[in-house]
Amino acid sequence: MYEAKKLKTWSGFQRLKDRHWDSVVSARARNKILVLTSSVGPHELMAGWDDDVVVCMGETYAANNAANEELIVSLLESAEEHGYDRNLCPYMKAYVGSMYSGRSFTGKFTRPDICVADVQSPTHGQWLQRVSEHLNIPYFALSHVYWTDVMGDHHIDYYVTQFYEFIEWMEKQT
C-alpha cells in the first residue's frame, strides 16, 4: 500500500489561497471592483483589468463554505427557506445561503459589485442572475460555447462577438 504524504508545497498553496480570499474580502475597502463569476467565466478578459478588478468564483466561495460542517448546514437551510429546492446545485445553494444569511467562511458575506455568468448550465445563469437581482447589481451573461473538434468558424465568431459585447458593457459599468 502506498503511504500518502503531505505535499511539500502545501504551505505555499495555503498562503496563495489565503492571499486570494483576503483580496476578495478587502476589495471594496481598496476601491476595487469585485466581480462574481463562475469557474468558466470570461477570465481571459478579466485578467486584462490588472488591479482594478478582483474576481471571485462562486464555486470556490461555495466550496470553502462547505468545508465548514456547521456553517454549510445553516447556509443550505437558508437557501431552502428562500425557495431553493434541496435538489438544486449545492454550490449555488451554499452561495445564496451565504448571501441571505450574511455568513460565510470568511466571517460575513462578501458582497460583489457585478455578476458575470458564462452560462454553462441553466443553474449557473440563474444563480448569478438571482444574486444580481437580490443585491441590485449589474449582471451580464454569455452563452457558453462547448469546444469540440467539429466546431465551425461561426461558433468561434459567436463567442468572440459576445466578448466584444461584454467589454463594451463593462466599460459602461465602470
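A nonpolar core is a set of buried Ala, Val, Leu, Ile, Met, Phe, Trp, Tyr and Cys residues joined through side-chain atoms within 4.5 Å. Buried here stands for under 20% relative accessible area, exposed for over 50%, and partly exposed for values in between, with a 1.4 Å probe and protein chains only. The model is predicted, with local features requiring pLDDT of at least 70 and side-chain atom pairs counted only at pLDDT 80 or more, while totals for chains, interfaces and linings use all residues. Residues are numbered from 1 along each chain as its sequence is written, and side-chain values use heavy atoms, with hydrogens and water left out.

The protein has seven helices and six strands. Helices (H or I, at least four residues) and strands (E, at least two) are DSSP runs, numbered from the N terminus. In that direction the order of elements is α-β-α-β-α-α-α-β-β-β-α-β-α. Along the principal axes, the C-alpha atoms fill a box of roughly 45 × 45 × 35 Å. Of the 174 residues, 37% count as buried. Contact is defined as heavy atoms within 4.5 Å. Among contacts between residues at least 6 apart in sequence, 56% join residues at least 24 apart.

In soluble globular proteins, nonpolar side chains tend to be buried together. The largest nonpolar core of this model holds 22 residues, of which L36, C56, Y95, V96, W127 and V131 touch the most other members. Two or more residues of this core come from each of α1 (10-25), β1 (33-37), β2 (53-57), α5 (90-101), β5 (114-119) and α6 (122-135). When neighbours within four places in sequence are left aside, Y95 is in contact with L36, G58, Y61, A62, F109, T110, P112, W127 and V131. Another core, of 15 residues, lies apart from the largest one and includes V35, M46, F140 and F166.

Helix α7 was examined next. This helix has 21 residues (153-173), and at 1.5 Å a residue it should span 30 Å, which agrees with the 30 Å between its end C-alpha atoms; the expected span is 1.5 Å times one less than the number of residues. Y159, Q162, F163, F166, W169 and M170 are buried in α7. Seen down the axis of α7, the buried residues fall within an arc of 130 degrees, so they line one face of the helix. The arc is that of the directions from the helix axis to the C-beta atoms. The exposed residues D153, H154, Y164, E171 and K172 are on the face turned away from the buried side of α7. The buried residues of α7 pack against β1, α2 (43-46), β5 and β6 (139-143).

In helix α2, L45 counts as buried at 18% relative accessibility. Not counting residues up to four places away in sequence, L45 touches F163, F166 and I167. The C-alpha atoms of L45 and H155, 110 residues apart along the chain, are separated by 18 Å.

In strand β1, T37 is buried, with 0% relative accessibility. A polar atom of the T37 side chain lies 2.7 Å from the backbone oxygen of V116. Beyond four places in sequence, the contacts of T37 include P42, H43, M46, V116 and L128. In helix α6, S132 is also buried, with a relative accessible area of 8%.

Key: A polar contact is a pair of N or O atoms within 3.5 Å; within protein, one must be able to donate a hydrogen and the other to accept it, and residues adjacent in sequence count only if both atoms are side-chain atoms.
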